[in-house]
Amino acid sequence: MNLDLARWQFAIVTVYHFLFVPLTIGLSVLVAGMQTAWVRTSDERYLRMTKFWGKLFLINFAMGVVTGIVQEFQFGMNWSDYSRFVGDIFGAPLAIEGLLAFFLESTFLGLWIFGWDRLPKRVHLACIWIASIGTMLSAYFILAANSWMQHPVGSVVNNARGRAELTDFGAVLTNSTAIGAFTHTITACFVTAGMFVLAISAYHLARKQHTEVFRPSLRIALVTVLIGSLGVVVTGDLQARLMTEQQPMKMAAAEALYDTVAPASFSLFTVGSLDGSQEVWSIRVPRVLSFMATGSFDGQVEGINDLQQASVQKYGPGDYSPSIPTTYWTFRLMIGFGMLAGLLSVIGLWLTRRRARRPVPRWFYVAGLAGLVLPFAANSVGWIFTEMGRQPWSVFGILQTADSVSPSVGAGLVLTSLIVLTVLYGALAVIDGVLMVRYAKAGPPPPTPVGTDGPDDSDAPRPLAVAY
């Protein structure tokens, strides 16, 4: 009971927090790019774009900071045995993330917020670029810590002390799993930010509002989503190979593949038994799973039954397979949502091309606004697949999740905190939604009146500094 409640609490907090992270990373780069365009061209459209998208970026950043802090407390409260076991390794990248990466984010973002009418243009521009770099560094150090849980390297287990000990910090930072996860996450961040800009631009363009700002915003968004989607496909393919090599049970669970086969087909849709142990009916694409897992259309993919037997021989009695229905469907939903976002960008680029003879149809703007949900859904189910597919391990092959929970924290306390955090996060979701919708509907600041000395910076997002 205690274990299940602790897992539910961590899942809710993590998934909710991860709604803000990809948008923060991707949008910071887009805002920096827009401001760069303004500095280089002096085109006021880019200044208005920078201030508009900058406001939304700051709201999202503030929510991400608030929701992320709670995660740290959970390690000590609900997962004290885990923290004691991995603290020597897990703490190092997280400490660097706080001291270096988050310092860059917060410091230079503060300078950017307050420096609109106080800093030289290029110095002010450098502030948003450094803050953007800080967000990506922050993501890397956190992913390095998580990737060690997926593929433990640079460490040994001290059985006498009952904990893992760091032996090579460089190996932790250069873990192949970390590099693969980082590239996949960053490209997904660009898809998320691009779809966010696309959706809001589509909303205004459908109403023929502020077209001088949102037409170029739409094109920037479409190109960003397309490039990001291609990056997601390439990095996702590389991650599938790593996953097959390092966590073969996760790959088998992603396909609900019980028996080892060569070549292996990929099922687009499957109806299985209630316990998920048998396939009743499915639609399959021949040899695709073999290529995803091994890089060869004739490659062999190990099944759950063989991997379970091997795990019992290596680790002792127990069930070493994750929830098959969860991993199967989250894997497909992640791919499906991502592909729809990429398809939408291709259609949009075709409809908005320079030689297009007809105006962009309204249905595309409606689809663009509705498509806002796609990257957030893909990110969420992808994260669930990554973490659920590792079960029953919290640190793969070393520490099981059941042995990681705090032994002295009762189920009542965990349930109480679960309810409180869920209600609190629900309230924050309403606040965030109201702020985002209000500022998104308001549109960009007005153009500078003719005859003034320069751009009016009064609409810069300085008041939001109180959030920090």
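Select R45 first: at 31% relative accessibility, R45 is partly exposed (buried is under 20% relative accessible area, exposed over 50%, partly exposed in between, with a 1.4 Å probe and protein chains only). This is a predicted model, in which local features need pLDDT of at least 70, side-chain atom pairs count only at pLDDT 80 or more, and totals for chains, interfaces and linings use all residues. Residues are numbered from 1 along each chain as its sequence is written, and side-chain values use heavy atoms, with hydrogens and water left out.

R45 and D43 form a salt bridge, with the closest N and O atoms 2.9 Å apart. The term requires a side-chain nitrogen of Lys or Arg within 4 Å of a carboxyl oxygen of Asp or Glu. By this rule the count comes to 8 salt bridges.

Next, select R48 and E212. Their side chains meet in a salt bridge, 2.8 Å from N to O. This pair links distant parts of the chain: R48 sits in helix α3 (residues 44–77) and E212 in helix α8 (residues 211–246), 164 residues apart. Helices here are DSSP runs of H or I, at least four residues, numbered from the N terminus. R48 is buried, at 7% relative accessibility. E212 is partly exposed, at 34%.

Move on to R332 and E255. What is the distance between the closest N and O atoms of this salt bridge? They are 2.4 Å apart. The pair also links distant parts of the chain, with R332 in helix α12 (residues 324–351) and E255 in helix α9 (residues 248–255), 77 residues apart. Both R332 and E255 are buried.

Stay on α12 and show helix α13 (residues 362–370). The two axes come within 11 Å and cross at roughly 150°. Axes are lines fitted to C-alpha atoms, for helices over the stretch in contact, and angles run from 0 to 180 degrees between N-to-C directions. α12 and α13 are therefore roughly antiparallel, the term for angles over 145 degrees. Their crossing is left-handed: the near helix is turned anticlockwise from the far one by less than a right angle.

Finish by showing side chains between these helices. L344, I347, G348 and L351 in α12 meet W363, F364, A367 and G368 in α13, where contact means heavy atoms within 4.5 Å. The residues of this contact divide into 6 nonpolar, 2 polar and no charged. Gly counts as polar in this scheme.

Methods. Helices (H or I, at least four residues) and strands (E, at least two) are DSSP runs, numbered from the N terminus. Angles under 35 degrees count as roughly parallel, over 145 as roughly antiparallel, 65 to 115 as roughly perpendicular and the rest as oblique.
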